[in-house]
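Have a look at the picture before reading on.

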Amino acid sequence: MSLEENTKIERQALENYPKDKVLKSALSAAVALNLPIAFWQLPECKELHFLISFSGVQKHSKIDLEEAGSGFSFSPFDLRKESLFISNNFHCSISQDTIQVDSNSNNTFDSKQKSFLKNFYDQLDQIDLDKTGFHKIEKPIISVAAPADYLELVELTIQGIKNGQFQKAVPARQIEIPLHADFDPIDTFLKLCEAYDHAFSSLVSIPKVGTWLGATPEVLLEVDANNTFTTVALAATQKRDFEKSTEETAWTQKEIEEQAMVSRYIINCFKKIRLREFEEKGPKTIAAGNLLHLKTNYKVDMTATNFPQLGTVMLELLHPTSAVAGMPKENVLPFLDENEGFNRDFFSGYLGPVNIINSSNIFVNLRCMQIYKTSAFLYAGAGITEDSIPEKELLETELKFNTLLNIINNEN
């Protein structure tokens, strides 16, 4: 199949292929050429996206939403580590009826783009493309903590709160699961998109960084085409009863206070920049797959407040939020660093498209896993307050693990 001089793929040609084959071909071509690639689906939206950078991944001390250009942000939990940015040299969106393609490449990457497109088409024309490769790194040699260890960590956290060390902390744990020989990241990503349409589903694969997959319910911030800034306070967790409506949900005082702390954290961030004109709605019970949370929405008209840099300013203030770290941050972060016993890496960091279709959508990287050759690490945390019961907090992490485990084990 010939390439057009302007290096655009003919939309109608791609529409002759199933969407799973388009995504698998894109991932296979990116891996073959050692290029970073990100796939995603926004909440309440059936449109799938992927983008590729022909210049490799960029590293920044922080992401500037106004200056970064178009691309995909992938940032770790640890503020001392660099944020990654996949520039948008090639972007494809797939809806139910159409496929849209745009290329932001230039002469510098002309040969790489031609190589990618040739490889992409070669993959599409293969009769059999059942299993897709992905960027892999060596699995770290670590000892995964047992559930009993997490109970001890929660007890230690509660003691720290009682001693006045901090008001709230969110200790996390990890588990390792084996992957079936026929595990395919694209198939799993598509299952996540279908099962959790209220979440932000993503698959990010970067050379020398590895491959991460997840479906997170938590917006960190959004800046839309109308210059509206949005962030949310999302906290408190309980198992969803599918026989009841969300309006029938009862919350304990501990859970209400946990969510209120996150709300106060956001309002304090607004106060730091002397922002008083914001809209607050909530808290409201929302469903996220098999779980329920309390959520409060905050909106700011960036034009009316004359604050065009609000997205970048709030990104730096918010991350890591009290919902994934605790408060105050300056006391909690050293405690977690010393006592969690593992590297969170990109878990509870943030990720999402930046300046794509005139919008930036950044999410907290929860309900996620890092994929290795034959196994994967899953991550989950729980918000601990003075009234926490360790056994219930352990159960909360198990329920959060199930977001991915239900899909991987075909228990939708």
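Sort the lining of the largest cavity by class and you get 13 nonpolar, five polar and six charged residues. Here Ala, Val, Leu, Ile, Met, Phe, Trp, Tyr, Cys and Pro count as nonpolar, Asp, Glu, Lys and Arg as charged, and the others, Gly among them, as polar. Before going on, keep in mind that this is a predicted model: local features need pLDDT of at least 70, side-chain atom pairs count only at pLDDT 80 or more, and totals for chains, interfaces and linings use all residues. Residues are numbered from 1 along each chain as its sequence is written, and side-chain values use heavy atoms, with hydrogens and water left out.

What is a cavity, then? On a 1 Å grid over the protein atoms alone, it's a set of points where a 1.4 Å probe fits but cannot get out, and lining residues have an atom within 4 Å of a point. Volume is the space filled by probe spheres set on the points, which are joined across faces, edges and corners. The count here comes to two cavities of 30 Å³ or more.

The largest cavity has a volume of about 240 Å³. Its lining holds 24 residues, with A323, L366, R367, G381 and K400 nearest the centre. Two or more lining residues come from each of β13, β20 (375-381) and α9 (390-408); β13 gives the largest share, four residues. (Helices, H or I of at least four residues, and strands, E of at least two, are DSSP runs numbered from the N terminus.)

The second largest cavity holds about 40 Å³. β13 gives the most to this lining too, with four residues, and α6 also supplies at least two.

So where does β13 sit? Look for an open sheet of nine strands, in the order β3-β5-β4-β17-β18-β12-β13-β15-β14, with antiparallel pairing; strands pair if DSSP finds at least two bridges between them. At the edges are β3 (58-60) and β14 (279-288), each pairing on one side only. Helix α6 (residues 253-272) packs on the sheet, touching β13 (228-239), β14 and β15 (291-301); contact means heavy atoms within 4.5 Å.

Finally, find T230 in strand β13. Is T230 buried or exposed? T230 counts as buried because its relative accessibility is 12%; buried means under 20% relative accessible area, exposed over 50%, partly exposed in between (1.4 Å probe, protein chains only). Leaving out residues up to four places away in sequence, T230 touches L220, L221, E222, Y298 and K299.

Methods:
Axes are lines fitted to C-alpha atoms, for helices over the stretch in contact, and angles run from 0 to 180 degrees between N-to-C directions. On a 1 Å grid over the protein atoms alone, a cavity is a set of points where a 1.4 Å probe fits but cannot get out, and a pocket is an open set with protein on both sides within 12 Å along at least five of seven lines; lining residues have an atom within 4 Å of a point.
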